[in-house]
Amino acid sequence: MNNLADIAAALKRAESVVVCGHVMPDGDSLGSVLALGLTLESMGKKVTMAGPDPSPAIYDFLPGLDKYRVGLPSDIGFDTLVILDCSAPERLGPGFQGLLSGETDIIILDHHAGSSCFGKYRYVDPAAAAVGEIIYDLIIEMGLEINRDVAVCLYTAIVTDTGSFQYDSTTPGTHRRIANLMEIGVPASQINIRIYEEKPRAVFQLLCSALSTLTTSSCGKVSWMTVTRETLKKSGAVDEHAEGLVNYAKSIRGVEIGILFREIEEGSYKLSFRSKDAIDVNKLAELFGGGGHPHASGCTVQGDLNKIIDQVVFAALSAIRGIGR
Ligand code: 5GP
Ligand code: MN
């Protein structure tokens with residue numbers, strides 16, 4: 001494990017850099033890639049900002065997004081690869097995983113506890129509420145100013161990964177960084193409107209359908225919803241519109257674990273777990289080959305939906321019993 005000074009020195013030496021984030025990018029992944037990419041560009045480096053999947057439309061306002069590319073050309077030359085917000089190589093998707101065996105310097109910046117070891121340089125801080133906080137600190141470590149565009153990207157990374165500062169990952173340090181970003185000129189309320197209050201109607205059609213599947217265990221502590229390809233189609237929705245649905249399952253009084261089962265292709269389901277308080281859903285997701293944070297995690301599972309639900313709900317109830325609740 002390196003410190004931020006090592007990372008700053010490695011980046012200052014780099015001439016040609018690829019900065020990438022994870023599959024199905026979220027606000028932290030995208031905001032962090034763009035904030036670091038724009039900063040490295042301002043230092044005169046050749047920079048490619050990339051990821052395995054397209055950016056959800058709600059992030060269209062992000063400065064630098066026009067430079068974000070999905071996938072990489074095979075002949076791209078670079079000396080340094082920076083990987084953000086990825087706890088395991090699988091989170092890069094098959095194309096970007098192929099870059100790990102190359103000759104280039106790899107720098108990992110992450111905030112997942114138990115982030116698996118890969119890369120020459122690694123800085124993993126599970127106390128950081130978002131990778132955006134780490135990028136903020138790294139820019140300061142490099143002795144650079146955060147400009148307004150970069151500040152917008154960092155604000156977006158942090159506001160989304162903290163659930164608008166609601167999660168217990170939010171610290172006084174989070175608010176101090178946000179205060180400084182607002183002083184630089186981040187239009188916080190406008191960004192919040194773009195992210196949270198400009199949703200297409202299809203999101204609410206999907207919400208209606210998903211809520212109609214809401215089921216709660218007899219003890220009242222585990223609640224779940226399902227979204228199939230059929231549901232998405234009928235709602236006129238696309239995958240990114242399911243973002244945040246799982247919170248409805250979690251937000252019911254007495255519920256400790258909320259789960260969303262979302263069909264990504266026939267027989268393949270993306271599971272999202274959210275918890276309150278003491279339940280560590282990172283461990284729950286790990287049982288099914290995934291991971292994440294103590295209160296927000298996920299995995300992908302293949303098989304019959306009803307069987308998957310039975311197994312996963314059983315495991316969730318066992319996790320709750322395990323800590324005597
Ligand atoms: P979401 O439910 O929003 O897709 O994911 C919540 C968090 O869980 C993500 O920020 C990420 O940290 C983690 N996560 C989601 N899916 C996976 C997965 O398939 N594997 C791993 N290791 N982590 C995941
Ligand atoms: Mn993150």
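Q: Which element supplies the largest share of the shell around ligand 1?
A: β12 does, with four residues. Strands here are DSSP runs (E, at least two residues), numbered from the N terminus. The model is predicted: local features need pLDDT of at least 70, side-chain atom pairs count only at 80 or more, and totals for chains, interfaces and linings use all residues. Side-chain values use heavy atoms, without hydrogens and water.

Q: What makes the contact of Lys-270 with ligand 1 a polar contact?
A: The cut-off is a pair of N or O atoms within 3.5 Å. A polar side-chain atom of Lys-270 lies 2.5 Å from an oxygen atom of the ligand. Arg-274 also reaches a ligand oxygen, at 2.8 Å. Taken alone, ligand 1 exposes 500 Å², and the protein buries 82% of that. Areas come from the Shrake-Rupley method with a 1.4 Å probe.

Q: Why is the pair of Tyr-155 and Phe-165 called edge-to-face?
A: Ring centres must lie within 6.5 Å; planes under 30 degrees apart are stacked, over 60 edge-to-face, the rest tilted. Here the centres are 6.4 Å apart and the planes 65 degrees apart, so the pair is edge-to-face. Tyr-155 lies in helix α5 and Phe-165 in the loop between α5 and α6, so the pair ties together parts 10 residues apart in sequence.

Q: How do you know whether Tyr-155 is buried or exposed?
A: Buried means under 20% relative accessible area, exposed over 50%, partly exposed in between (1.4 Å probe, protein chains only). Tyr-155 has 3%, so Tyr-155 is buried. Phe-165, with 23%, is partly exposed.

Methods
Residues are numbered from 1 along each chain as its sequence is written. Chains are lettered from A and ligands numbered from 1 in the order in which they are written. A polar contact is a pair of N or O atoms within 3.5 Å; within protein, one must be able to donate a hydrogen and the other to accept it, and residues adjacent in sequence count only if both atoms are side-chain atoms. Rings of Phe, Tyr and Trp (its six-membered ring) pair if their centres lie within 6.5 Å; planes under 30 degrees apart count as stacked, over 60 as edge-to-face and the rest as tilted.
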